[in-house]
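Hi,

Here is the structure I promised to pass on.

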Amino acid sequence: MKALFCTDGSDASLYAIEKALNFLKTDSQIYLVNVMDWGFLPTYVTFPQEEEVGYPERKNAAELILERTKALIESKGYKVSDSNYFSGRPADEILELIKTEGYELVVLGSHGKKGVGKWLGSVSRVVVTKSPAPVFIARPPKNLIGLSEKLSKKVLFAVDGSE
């Protein structure tokens with residue numbers, strides 16, 4: 001299986017990756033991506049000073065996030081085929097990768113934004129509604145301490161009878 005794991009380094013994205021690994025074989029092709037969000041302005045509108053000053057810091061942060069995520073995945077017995085980072089709007093960049101690279105599964109974490117953040121839209125919501133590939137989204141519980149003892153290994157598949 002060719003899977004795209006999207007990570008921003010947050011607990012939500014790492015939680016989703018750990019949960020998704022349970023559904024993959026150890027010989028799956030796993031690709032990591034980090035998209036540096038430039039905010040409301042598209043990349044081509046940013047000022048030259050912002051790119052010169054902000055980009056190296058963001059690039060270093062993206063590389064660190066990818067290294068840490070790769071280490072987590074490999075500590076579970078899986079191999080990361082490749083990793084890369086991009087700048088732009090995360091949902092748009094992820095959807096473009098899905099279309100051009102032919103991923104069979106996309107893995108995202110969900111932060112569960114509320115208020116204005118929810119109104120503006122979340123990356124996971126946009127990707128799941130527009131992706132041609134299946135999308136696995138997981139949101140970490142509010143309190144992870146002692147949670148593994150409470151959780152059973154059950155999976156709920158909700159179906160409506162459609163194809």
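In what order do the five strands sit in the sheet, and is the pairing parallel or antiparallel? The order is 3-2-1-4-5, the sheet is open, and the pairing is parallel. Strand 3 (80–88) and strand 5 (135–138) each have a single partner strand, so they stand at the edges with one side left without a neighbour in the sheet. On average, neighbouring strands are turned by 20 degrees against each other, direction ignored. Before you read on, please keep in mind that this is a predicted model.

Some overall numbers, to get you oriented. The protein has six helices and five strands, and along the sequence they follow the pattern β-α-β-α-β-α-β-α-α-β-α. Of its 163 residues, 34% count as buried. The exposed surface comes to about 10900 Å², with carbon and sulfur atoms supplying 53% of it. If you take the contacts between residues at least 6 apart in sequence, 78% of them join residues at least 24 apart.

Now to strand 1. Five of its five residues are buried. Lys2, Leu4 and Cys6 point one way from the strand, while Ala3 and Phe5 point the other way. Strand 1 runs parallel to strand 2, and five bridges join the two. Helix 1 (residues 11–21) lies across strand 1 (2–6), strand 2 (29–37), strand 4 and strand 5, and runs at about 140 degrees to strand 4.

In strand 2, Val33 stands opposite Cys6. Cys6 and Val107 are 101 residues apart in sequence, yet their C-alpha atoms are 6.0 Å apart in space. Leaving out residues up to four places away in sequence, Cys6 touches Ser13, Ile17, Val33, Ile94, Val106, Val107 and Leu108.

Next, the aromatics. How many aromatic pairs does a search of the whole structure find? There are two. In one of them, the ring centres of Phe23 and Phe136 are 5.7 Å apart and the planes meet at 55 degrees, so that pair is tilted. Phe136 is partly exposed, at a relative accessible area of 21%.

The other pair is Tyr31 with Tyr103, and it is edge-to-face, with 5.5 Å from centre to centre and 65 degrees between the planes. This pair also links distant parts of the chain: Tyr31 belongs to strand 2, Tyr103 to the loop between helix 3 (90–101) and strand 4, and 72 residues separate them. Tyr31 is buried, with a relative accessible area of 18%, and Tyr103 is buried too, at 10%. Lys2 comes in here as well: it lies over the face of Tyr31, 5.5 Å from the ring centre, and its charged end sits over the ring of Tyr103, 5.2 Å from the centre.

Last stop: the side of the sheet with strands 4 and 5. Strand 4 (residues 105–109) pairs with strand 5 in the parallel sense over four bridges, and Gly109 stands opposite Ala138 in strand 5.

- Ser110 is in the loop between strand 4 and helix 4 (116–120). It is buried, with a relative accessible area of 10%. Apart from neighbours within four places in sequence, Ser110 is in contact with Ala12, Ser124, Ile137, Ala138, Arg139 and Pro140.
- Ser124 lies in helix 5 (residues 123–130). It is buried as well, with a relative accessible area of 8%. Not counting residues up to four places away in sequence, Ser124 touches Leu108, Gly109, Ser110 and Ile137.

Cheers

Key: Residues are numbered from 1 along each chain as its sequence is written. This is a predicted model: local features need pLDDT of at least 70, side-chain atom pairs count only at pLDDT 80 or more; totals for chains, interfaces and linings use all residues. Side-chain values use heavy atoms; hydrogens and water are left out. Two strands pair if DSSP finds at least two bridges between them. Axes are lines fitted to C-alpha atoms, for helices over the stretch in contact, and angles run from 0 to 180 degrees between N-to-C directions. Contact means heavy atoms within 4.5 Å. Buried means under 20% relative accessible area, exposed over 50%, partly exposed in between (1.4 Å probe, protein chains only). Accessible areas come from the Shrake-Rupley method with a 1.4 Å probe; for residues, only the protein chains shown count as cover. Rings of Phe, Tyr and Trp (its six-membered ring) pair if their centres lie within 6.5 Å; planes under 30 degrees apart count as stacked, over 60 as edge-to-face and the rest as tilted. A charge sits over a ring if NZ of Lys or CZ of Arg is within 6 Å of the ring centre and within 35 degrees of the ring normal.
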